[in-house]
Amino acid sequence: MAAQTHPRDKECLTNGDTKAWLVAATRGRAEKIENVAYTLDKAPEHQLEKQQIWIATIAENSSHLCRAYRMKETLRRLLKIEDTNEVEADLKRWLLWTGYSKNPAFKNLYQKVKCH
């Protein structure tokens, strides 16, 4: 079995295993992303310890993804609150936060919530 090297290495460019290495590396990353996506979709109170570790890792390594996760969770919590006075103030704060977001999905959601 040939040693796997990075595709940018000069020796790897002549190696016939470059494509196979890229496919294997991509498949591994896709599996990790799939696990993280499931974790991000799950409510924090239902996450397992391993999933909470994923969230902590995301918070350390990806400020954009962490911010999007916090926005999603904040809105989810707001939708569960029954006290309309408390929700109104918090929703205004959430709208201000998402209004300045550079994330197109949250910009779109901001527009929809603000219209209604």
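## Asp 90 and its surroundings

Setting aside residues up to four places away in sequence, Asp 90 touches Leu 78 and Ile 81 (contact means heavy atoms within 4.5 Å). Asp 90 sits in helix H5 (helices are DSSP runs of H or I with at least four residues, numbered from the N terminus). Asp 90 counts as buried because its relative accessibility is 19% (buried means under 20% relative accessible area, with a 1.4 Å probe and protein chains only).

## About the model

This is a predicted model, in which local features need pLDDT of at least 70 and side-chain atom pairs count only at pLDDT 80 or more, while totals for chains, interfaces and linings use all residues. Residues are numbered from 1 along each chain as its sequence is written, and side-chain values use heavy atoms, leaving out hydrogens and water.

## The nonpolar cores

Let's turn to the cores. The largest nonpolar core has eight residues: Ala 68, Met 71, Leu 75, Leu 78, Trp 94, Leu 95, Phe 106 and Tyr 110 (a nonpolar core is a set of buried Ala, Val, Leu, Ile, Met, Phe, Trp, Tyr and Cys residues joined through side-chain atoms within 4.5 Å). Helices H4 (63-80), H5 (84-99) and H6 (104-115) each supply at least two residues of this core, and H4 gives the most, with four. Apart from this core lies another, of six residues, including Val 36, Leu 40, Ile 58 and Tyr 69.

## Where H6 begins

Leaving aside neighbours within four places in sequence, Ala 68 is in contact with Asn 103 and Phe 106. At the start of H6, a side-chain oxygen of Asn 103 comes to within 2.9 Å of the backbone nitrogen of Ala 105.

How values were computed. Buried means under 20% relative accessible area, exposed over 50%, partly exposed in between (1.4 Å probe, protein chains only). A polar contact is a pair of N or O atoms within 3.5 Å; within protein, one must be able to donate a hydrogen and the other to accept it, and residues adjacent in sequence count only if both atoms are side-chain atoms.
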